[in-house]
Amino acid sequence: MPTFPRAEWMTAYAETVAAHPRADAISTALAGRFRFVVKEGGGLQSRLVHDMVVAPGGLFVAERGDESMPATLTVTAAYPRWKGLITGKADFVMSFLMRKVKVDGDLSTVRDRLSDARPLLECLHEVPTEFEF
């Protein structure tokens with residue numbers, strides 16, 4: 001079982017999204033680099049950054065976060081909030097509205113394609129996950 005917030009978890013997440021029945025449509029609509037930033041908190045002592053590159057044809061690849069490369073969208077939250085999002089104890093939209101989750105970048109990419117973006121959130125819950133802290 002992959003451990004969050006480590007790279008192995010991000011790889012499992014990318015594989016889960018790639019296995020989604022709508023993966024081809026999602027990858028075509030949302031092609032780009034999506035960055036996931038896990039801030040300190042809840043036992044996590046250092047900030048971690050992971051990228052997921054999305055390309056047409058159902059390609060979802062987890063990479064080490066490289067902040068020197070531009071991202072289409074960056075999602076930032078403290079470790080405890082990510083834990084809540086993954087377990088389903090926290091709602092992404094409410095977390096965003098309460099400013100517990102910060103989203104930077106081309107929001108129109110996701111806003112205009114909500115039906116394609118929704119499976120990305122759903123897949124958070126589908127990855128069998130152990131938590132480091």
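I call a residue buried under 20% relative accessible area, exposed over 50% and partly exposed in between, using a 1.4 Å probe and counting protein chains only. By that scale I noted Phe 96 as partly exposed, with a relative accessible area of 34%.

The model is predicted, so I kept local features at pLDDT of at least 70 and side-chain atom pairs at pLDDT 80 or more, while totals for chains, interfaces and linings use all residues. Residues are numbered from 1 along each chain as its sequence is written, and side-chain values use heavy atoms, with hydrogens and water left out.

I then looked up the sheet. Five strands form an open, mixed sheet in the order E4-E3-E2-E5-E6, where helices (H or I, at least four residues) and strands (E, at least two) are DSSP runs numbered from the N terminus, and two strands pair if DSSP finds at least two bridges between them. Strands E4 (59-64) and E6 (101-105) are at the edges with a single partner strand each, so one side of each has no neighbour in the sheet. E3 (residues 48-55) runs antiparallel to E4 and is joined to it by six bridges, and I found Met 52 opposite Ala 62 in E4.

Next I followed the helices, taking contact as heavy atoms within 4.5 Å and angles, from 0 to 180 degrees, between N-to-C directions of axes fitted to C-alpha atoms, for helices over the stretch in contact. Helix H1 (residues 7-18) lies across E2 (32-39), E3 and E4, at about 170 degrees to E4. Helix H3 (residues 79-87) touches E2, E5 (73-78) and E6, and makes about 105 degrees with E5.
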